[in-house]
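Colleague: Could you walk me through the ring contacts in this one? I am new to this, so please take it slowly.

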Amino acid sequence: MEITGAGEQQPTYDRLKELKAFEESKAGVKGVVDAGIVKNPRMFVRPLDELTEELDHIEQENSNFEIPVIDMESLDQDDHSRRKEIIDEVRRASGTWGFFRLVNHGIPLTVINDIIKGMKRFHEQDTELKKQYHSDDHKTGCMFYTNFDLYVSKYANWRDTLRCNLLSPDPLDPQELPDTCRDIIVEYWKHITTLADTVSEFLSEALGLEQDHLKRIFTDFLILSGHYYPACPEPELTLGASKHSDASFFTLLLQDHIGGLQILHQNQWVTVKPIPGTLIVNIGDLLQLISNDKFKSAEHRVLANRNGPRVSVACFLNTKFSDNTKIFGPLKEILSEENPPIYKYITMKEYTEHYVKKGLDGVSALNHFKLSSN
Ligand SMILES: O=C(O)CCC(=O)C(=O)O
Ligand SMILES: [Fe+2]
């Protein structure tokens with residue numbers, strides 16, 4: 001495979017050729033690193049204007065911004081006052097940050113550590129075996145890929161992903177999962193489903209809806225993405241994940257001890273510290289849309305780092321991407337004369353096609369669906 005170094009003076013640079021060579025290697029970013037590079041290949045290098053713009057959003061040295069923490073320890077259906085407190089905290093966190101941290105969420109620490117280890121095992125197995133899972137067909141039950149928007153984005157992200165489509169069209173047959181991580185994915189899936197149910201109840205109540213309102217909207221789609229961010233020789237020149245907001249109702253995210261996740265909050269990048277055993281919830285675009293901006297789908301990104309690999313596991317709660325029948329828009333229960341709809345009514349298919357077509361270009365996919373009066 002021919003991949004050019006970032007700093008090398010090339011009279012001509014054939015980006016398409018480089019992308020194709022990368023794609024055909026089927027070995028992902030880890031394959032590039034394993035080849036022993038000391039500079040980032042050019043296809044990963046951020047354009048100069050983006051690097052310059054960065055200076056406007058640098059996190060202040062003394063910034064004490066921290067995402068809100070929700071402690072589920074004393075949660076008990078019968079303790080109405082504690083539940084009400086939690087719902088109030090969820091409402092505030094979802095409307096301001098769009099992110100919160102869950103502690104004492106009930107998923108055992110062993111399961112959390114094991115899913116991280118399982119993902120690491122998948123990405124670090126023999127490349128020839130891993131290649132069997134390489135695909136660019138997002139309908140596949142279980143696929144290994146690098147950057148869904150490789151040919152659309154201005155630069156490639158420094159990460160590989162194992163994506164498991166756990167529910168759609170039917171619950172995934174565990175036999176389709178890689179044997180390096182099959183058992184732990186099945187175990188984690190069970191726990192995540194229970195936790196996702198509780199979180200969607202919180203979110204429904206925080207919007208003043210019936211407890212099961214949101215659950216009824218998106219029970220049929222759950223994606224688990226096991227991300228692997230290899231150590232990077234020049235982390236300041238690229239990103240592990242470009243600035244984006246999620247194409248989900250909400251996301252349950254687990255990160256390992258390395259760190260690198262940042263949220264754009266009040267126009268500065270705020271680091272989401274890795275705290276062992278905790279899980280992050282972030283509101284996705286679809287919940288921002290149906291909540292008519294009551295909840296915020298915050299932009300976030302992942303820095304590349306020298307000390308990798310970094311592993312994270314993101315579970316996206318959604319409804320079928322291909323569904324052309326259900327229409328989503330600001331919920332009538334939320335609208336009023338003072339709070340008129342901000343977004344158009346759309347299908348999941350329309351939204352997804354737009355999200356994929358534009359790639360992670362730093363612009364919210366939601367803008368496209370705003371009513372022109374806004
Ligand atoms: O790896 C992370 O911490 C974040 C991943 C992420 O933002 C995503 O999968 O949408
Ligand atoms: Fe994300």
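**Rings and charges**

Modeller: The charged end of Arg301 sits over the ring of Trp269, at 4.1 Å from the ring centre, where sitting over a ring means that NZ of Lys or CZ of Arg is within 6 Å of the ring centre and within 35 degrees of the ring normal. This is a predicted model, in which local features need pLDDT of at least 70 and side-chain atom pairs count only at pLDDT 80 or more, while totals for chains, interfaces and linings use all residues. Residues are numbered from 1 along each chain as its sequence is written, and side-chain values use heavy atoms, with hydrogens and water left out.

Colleague: Which charged end sits over the ring of Tyr13?

Modeller: That of Arg42, 4.0 Å from the centre of the ring.

Colleague: And how many aromatic pairs are there?

Modeller: The structure holds nine, counting rings of Phe, Tyr and Trp (its six-membered ring) with centres within 6.5 Å; planes under 30 degrees apart are stacked, over 60 edge-to-face and the rest tilted. One of them joins Phe22 and Phe44, and because their centres are 5.8 Å apart and their planes at 85°, this pair is edge-to-face.

Colleague: Are those two buried or exposed?

Modeller: Both Phe22 and Phe44 are buried, that is, under 20% relative accessible area, with exposed being over 50% and partly exposed in between (1.4 Å probe, protein chains only).

Colleague: Why is the pair of Phe122 and Tyr133 edge-to-face?

Modeller: Their planes are at 75°, with centres 5.9 Å apart, so the pair counts as edge-to-face. Phe122 is buried, with a relative accessible area of 0%.

Colleague: Which residues do ring pairs link into a cluster?

Modeller: Phe148, Tyr351, Tyr355 and Phe369 are linked in this way.

Definitions and conventions. Chains are lettered from A and ligands numbered from 1 in the order in which they are written.
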